[in-house]
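Have the structure open while you read.

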Amino acid sequence: MTDYDLLAKQLEALISDTGWEISILANASALIWDALDNINWAGFYLMRNGSLELGPFQGKVACVTIGAGKGVCGAAAVQDRTQLVPDVHSFPGHIACDSASNSEIVIPLHAAGKIYGVLDIDSPLFSRFDETDRDGLETLAEVIEKRLDAILQDQA
């Protein structure tokens, strides 16, 4: 079982002095990839011109652009709420970037008061993610959001 409290502290330490968004997301995806069992993709899609564009990730090659509202990632961004999907094959409009993925969790990320992107994690197992994962990953997203906000404020 993943110790999300420890993971949040590790993430905070990794990114606390980081001033570049891509570095934050790259280290976050690597940390998640290393810490979670039974996953085959962990990374970010970033909101650009009304679509989600591929950001830093760990895993196999991925879809590059996801339209707003399309698939699990697009639904998370448009609805602005975490999508916990035990069977992606039953999700209306699921985009199969990797045919080995069977379950998925996607958490919206915010920065500067708007949707910044999403944290997307896939698993080859059905029902891999549960409420503990949702709560823990939402906490990690909050750590990332806090740092992104600080960076964007410094740039303003």
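1. Does threonine 2 count as buried or exposed? At 19% relative accessibility, threonine 2 counts as buried (buried is under 20% relative accessible area, exposed over 50%, partly exposed in between, with a 1.4 Å probe and protein chains only). Threonine 2 sits in the segment before H1, and leaving out residues up to four places away in sequence, threonine 2 touches Leu7, Ala35 and Leu36 (contact means heavy atoms within 4.5 Å).

2. A word on the basis: this is a predicted model, where local features need pLDDT of at least 70 and side-chain atom pairs count only at pLDDT 80 or more, while totals for chains, interfaces and linings use all residues. Residues are numbered from 1 along each chain as its sequence is written, and side-chain values use heavy atoms, with hydrogens and water left out.

3. Now the overall layout. The chain has four helices and six strands, in the order α-α-β-β-β-α-β-β-β-α from the N terminus (helices are DSSP runs of H or I with at least four residues, strands are runs of E with at least two, both numbered from the N terminus). The radius of gyration is 14 Å, close to the 15 Å that the globule rule gives for 156 residues, so the chain is as compact as a globular protein of that length (the radius is taken over C-alpha atoms, and the rule is 2.2 Å times the number of residues to the power 0.38). Along its principal axes the C-alpha trace spans about 45 × 35 × 25 Å. Of the 156 residues, 47% count as buried. Among contacts between residues at least 6 apart in sequence, 55% join residues at least 24 apart.

4. On to the main core. The largest nonpolar core has 30 residues, and Ile121 and Ile144 have the most contacts inside it (a nonpolar core is a set of buried Ala, Val, Leu, Ile, Met, Phe, Trp, Tyr and Cys residues joined through side-chain atoms within 4.5 Å). Two or more residues of this core come from each of helix H1 (4-15), helix H2 (21-35), E1, strand E5 (103-111), E6 and helix H4 (131-155). H4 gives the most, with seven residues. Another core lies apart from this one and has 15 residues, among them Tyr45, Ile66, Ala77 and Val85.

5. Have a look at isoleucine 121 itself. Setting aside neighbours within four places in sequence, its contacts include Ile32, Leu36, Ile39, Trp41 and Ala42. Also on the list are Ser103, Glu104, Ile105, Phe129 and Leu137.

6. Glycine 71 has a relative accessible area of 4%, and it touches Phe91, Gly93, His94 and Ile95, not counting residues up to four places away in sequence. Aspartate 80 follows H3 and has a positive phi, near 55°.

7. For the method: on a 1 Å grid over the protein atoms alone, a cavity is a set of points where a 1.4 Å probe fits but cannot get out, a pocket is an open set with protein on both sides within 12 Å along at least five of seven lines, and lining residues have an atom within 4 Å of a point. Points are joined across faces, edges and corners, and a volume is the space filled by probe spheres set on them. The cavity lining has 17 residues, with Ile95, Cys97, Glu104, Asp120 and Asp122 nearest the centre. Strand E1 (41-48), helix H3 (71-79) and strand E6 (114-123) each supply at least two lining residues, and H3 has the largest share, three.

8. Last, the open side. The largest pocket holds about 170 Å³ and is lined by Met1, Thr2, Tyr4, Ala35, Asp37, Asn38, Arg128, Asp130, Thr132 and Asp133. Tryptophan 20, in the loop between H1 and H2, counts as exposed at 53% relative accessibility.
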